[in-house]
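Have the model open in your viewer and your selection tool ready. We will go from stop to stop, and at each one you will hear what to select and what is there.

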Amino acid sequence: MHRAAPKADIDESALSVTTPKTQAAGVKAVTVALERAVEEMGVLRTARTLARVNHRNGFDCPGCAWPEPTGMRRPAEFCENGAKAVAEEATLRTVTPEFFATHSVDELAGKSGYWLGQQGRLTHPMVLRAGDTHYTPIAWDDAYRIIAGHLRELDSPDEALFYTSGRTANETAFLYQLLVRSYGTNNLPDCSNMCHESSGAALTASIGIGKGSVSIDDFKKADLIIVAGQNPGTNHPRMLSALSEAKAHGAKVIAVNPLPETGLIGFRDPQTIKGFTSGTTIADDFLQIRLGGDMALFQGLGKLLFEAEDRAPGTVVDRAFVDAHTAGFAEYEKQMRAVDLGVVEEATGLTRPDLDRTAELLASSKAVIICWAMGLTQQVHGVATIEEATNLLLVRGMIGKPGAGVCPVRGHSNVQGDRTMGIWEKMPDTFLDALDKRFGITSPREHGWDTVDSIRAMRDGRAKVFFGMGGNFVSATPDTDVTEAALRACELTVHVSTKLNRSHVVHGRTALILPTLGRTDDDLQDGVRQQVSVEDSMSMVHLSTGRLQPVSDQLRSEVTIVCELAQELFGPGHPVPWADFRRDYDRIREAIADVVPGCTDYNSKVRGRNGFQLPHPPRDAREFRTSTGKANFGINDLHWLPVPAGRLILQTLRSHDQYNTTIYGLDDRYRGIHNARRVVLVNPEDIAELGFAEDDLVDLISEWTDEKTPDAAPQERRVTGFRLVGYATPRGNAAAYYPETNPLVPLDHVARRSNTPVSKAVTIRLERHVHTA
């Protein structure tokens, strides 16, 4: 059987820098995808697996949440990074009890996250008992007893935290929140708290629902698509196919980003003849905005829309829509007319012609979509920024019509579905009432802790048990030193995982690793194959079915783990039929249909050709379930990020060879970075002005002042040994990869109204690195 050897750890001295690419995908992407897949899975397993990714009766890609086409699907309905994600999960490498016997926890803690992930699939439940140096095998029943024992001994259920990764399927998410609320807490932090929480807060206030309002078919009907704070070429490459198709139907695309992103410059679709010849130019215009300047851009465009309306009354502002469906328009208009375009130019780094061109297209287009991702959400004023983008669409009547609307692009498969299923620390009483009625339990009503507040609770000794359903909590969160110390202060840490990661070696007094099935694995319960369901970025829900034989008979599905833990924790008299749910996932979906809004007849609808789309009142009927009963114009003071003298504003980002915290390899070939990750991209003029040269080795020191104590000295955090790479960033801005730079993001540096860590606006200074023995 094919079993590739794990790769060596990272050698940062091997860095090489080449010219950034100007076209994404193409033959090179196919070659890299197949090479990685064959290396991990072998030829036959690769062929069987990739042929089923994102296909009907196949499995949903464990990567991003970009939707599948509603019509005919292409032979390869996946991207390069999707193939890497599948290969990582379906690898034949294994991490066995013998591995843990060979490697102490201290030794593993000295390895990089890349090395840990390269070791392969976990095969057995493992325990690290207080005082032990190595993880040892444990029987499943004994693991459940340890967890249940710790939970029962807590003074309050609120001393336990139940984290969830977005890769958790709907059935697991629903049961997980049911277990947690049956236990008595709403402490359900999730990965959405760190990424699109700002989108949810903004859209709920503006249109009454925290989800995007467009479908995949709307892209073919749009004539203007604005892509802001987003890198589709790396983070969700299949979006490039949708943008390419939109271009073929006559749409214009505007890219708004501090960095020139290859996928938004050019795209070679490897499944078309054109992809082998000239490719497609995606962005018709590139607005290279300064970090933190997006709110100023959207307000400046708002002002220019009103000026265009003055020149041609009745042609720009959709008065019929505004009068019938919105609230706060007069105040918004007054505020926009007072905007100083000189300030907008200073804040954005854009010119007046840049603004005029964009406003002209926005004013004349009949169907407009605005897409965004972390570049907007992970800002102090990310919620207000998204409200300002939505305001532009409301002025033009671009909600609830074909080819138009808001499009927050989720970067994690099923993170949106988890929220729909109840994974949120602030679920409304209507949901909890339906849950209680269906199961005869009493859900707590006091709101729980999100991710940032959960770290604070562990740090302060208010939380003592951490249970992670998937993900890599330590590497995904901000302020790494604080987060690691917080987890080490816990009495018990539990991680349900497919592969080894950093969170397993940053542990509580007692620690458990519970190995689970992945999306690609065959899930047999009592000999019957089960299916799970997921929701994509555009509210489509569909089934996912794995077919690969699991690498160990000790792997259990996430559903099984939740149900068996619940049976141990609550005993035989609990009103929830946990055993029935474990045996038959259709039973879970029947319960979802009774509790979750929009999921009536779930089992039948999810088996449709494309699954089914959840209701979205603004999209479906221009119905806005806000406090006013209408879509609300957000009224926000302008904020932006001046660059302090001698400093830079840093954004953290992914390389092309990673997915969230999972590092596939050491090449960010689109940006021309090879064989290393500890690099910082800085404008060459800034490098010279700050007294450095390209390829210098520097330390990055973040500086942050808590607005509650503005007179205090700035807090500082440091990461060491980064290579300076000259890059086409705006002056005063810099970029570097996470999780290596997560230690620079203060825990309390969060977005207003969403509590999302501000990873795209970190003030740093550079110091020359001093080698120490």
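**First stop: an arginine in a loop**

Select Arg671, which sits in the loop between strand S28 (667-668) and strand S29 (673-674). Keep in mind along the way that this is a predicted model. Is Arg671 buried or exposed? With a relative accessible area of 4%, Arg671 is buried.

Asp668 is joined to Arg671 by a polar contact of 2.9 Å between the two side chains.

**Next stop: the nonpolar cores**

Move to the largest nonpolar core, which has 63 residues. Which of them touch the most other members? They are Phe162, Phe174, Leu175, Phe439 and Leu512. Helix H8 (residues 170-183) gives this core its largest share, eight residues.

Center on Phe174 and display its contacts beyond four places in sequence, including Met421, Leu435, Phe439, Ile588 and Val596. Then switch to a second, separate core of 51 residues, where Ile226, Leu297, Val383 and Ala404 are included.

**Last stop: helix H13**

Finish by selecting residues 294-311, the 18 residues of helix H13. From first C-alpha to last, H13 reaches 26 Å, close to the 26 Å expected at 1.5 Å a residue. Bring back the surface around H13: 15 of its 18 residues are buried, so this helix is largely enclosed by the rest of the structure.

Note on methods
Residues numbered from 1 in each chain as written. Predicted model: local features only at pLDDT ≥ 70, side-chain atom pairs only at ≥ 80, totals over all residues. Heavy atoms only, no water. Helix = DSSP H or I, 4+ residues; strand = E, 2+ residues; numbered from the N terminus. Expected span 1.5 Å × (residues − 1). Buried < 20%, exposed > 50% of the residue type's maximum accessible area, 1.4 Å probe, protein only. Polar contact = N/O pair within 3.5 Å; in protein donor to acceptor, adjacent residues only side chain to side chain. Core = buried A, V, L, I, M, F, W, Y, C linked by side-chain atoms within 4.5 Å. Contact = heavy atoms within 4.5 Å.
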